Amino acid sequence: MQFVIAIFLFLVYVRSFFLGDNNLDGEIPVELGQLMNLRYLSLYQNKLHGVIPSSIGNIPALEEINLDENLLTGNLSASFGNSSSIKLISITNNLLNGNFP
């Protein structure tokens, strides 16, 4: 358990998370929203499905998100529209619906 806690404490310092084109399958973990220093999130060209967690839109330092070419569904949470730090959201070629906040 101490090892898991040590890894989590290290992750709070992560500023960039690039895992594009890695054949990842599953849902985007809501826990990514706890990475308060994250500036760049790139998970393009994977097989991610489900909704985009609203917690990601609440990351105060987040500037760019690239979730292109996945199987994401639902709509984009209002938290993304309320963010003052996000400058770029790229979500093309998914199965999203609804209005952009």
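Visitor: In which order do the strands stand in the open sheet that contains β1?
Guide: Happy to start there: this is a predicted model, in which local features need pLDDT of at least 70 and side-chain atom pairs count only at pLDDT 80 or more, while totals for chains, interfaces and linings use all residues. Residues are numbered from 1 along each chain as its sequence is written, and side-chain values use heavy atoms, with hydrogens and water left out. Strands here are DSSP runs of E with at least two residues, helices are runs of H or I with at least four, and both are numbered from the N terminus. This open sheet has four strands in parallel pairing (two strands pair if DSSP finds at least two bridges between them), and their order is β1-β3-β5-β7.

Visitor: Which strands form the edges of that sheet?
Guide: An edge strand here pairs on one side only. That applies to residues 16-18 and 88-90, which are β1 and β7.

Visitor: Which residue in β3 stands opposite F17?
Guide: β1 and β3 (residues 40-42) run parallel and are joined by three bridges. Across from F17, the residue in β3 is L41.

Visitor: How does the radius of gyration of the protein chain compare with the globule rule?
Guide: The chain has three helices and eight strands, running α-β-β-β-β-α-β-β-α-β-β from the N terminus. The rule, 2.2 Å times the number of residues to the power 0.38, is set against a radius taken over C-alpha atoms. For 101 residues the rule gives 13 Å, so the chain is as compact as a globular protein of that length, with a radius of gyration of 13 Å.

Visitor: What share of the residues is buried?
Guide: Buried means under 20% relative accessible area, exposed over 50%, and partly exposed in between, with a 1.4 Å probe and protein chains only. Of the 101 residues in the chain, the buried share is 38%.

Visitor: Which residues have the most contacts inside the largest nonpolar core?
Guide: Such a core is a set of buried Ala, Val, Leu, Ile, Met, Phe, Trp, Tyr and Cys residues joined through side-chain atoms within 4.5 Å. The largest has 20 residues, and those with the most contacts inside it are I28, L41, I56, L62, I65, L67 and F80.

Visitor: Which residues does F80 touch, apart from those up to four places away in sequence?
Guide: A contact means heavy atoms within 4.5 Å. By that cut-off, F80 touches I52, P53, S54, I56, G57, I65, I86, I89 and P101.

Visitor: Where is V12, and which residues beyond four places in sequence is V12 in contact with?
Guide: V12 sits in the loop between α1 (2-11) and β1. V12 is partly exposed, at 24% relative accessible area.

Visitor: What phi does N23 have, and what phi does Q45 have?
Guide: Most residues other than glycine have a negative phi. N23, in the loop between β1 and β2, counts as exposed at 53% relative accessibility, and its phi is positive, at about 60°. Q45, in the loop between β3 and β4, counts as partly exposed at 32%, and its phi, also positive, is about 50°.
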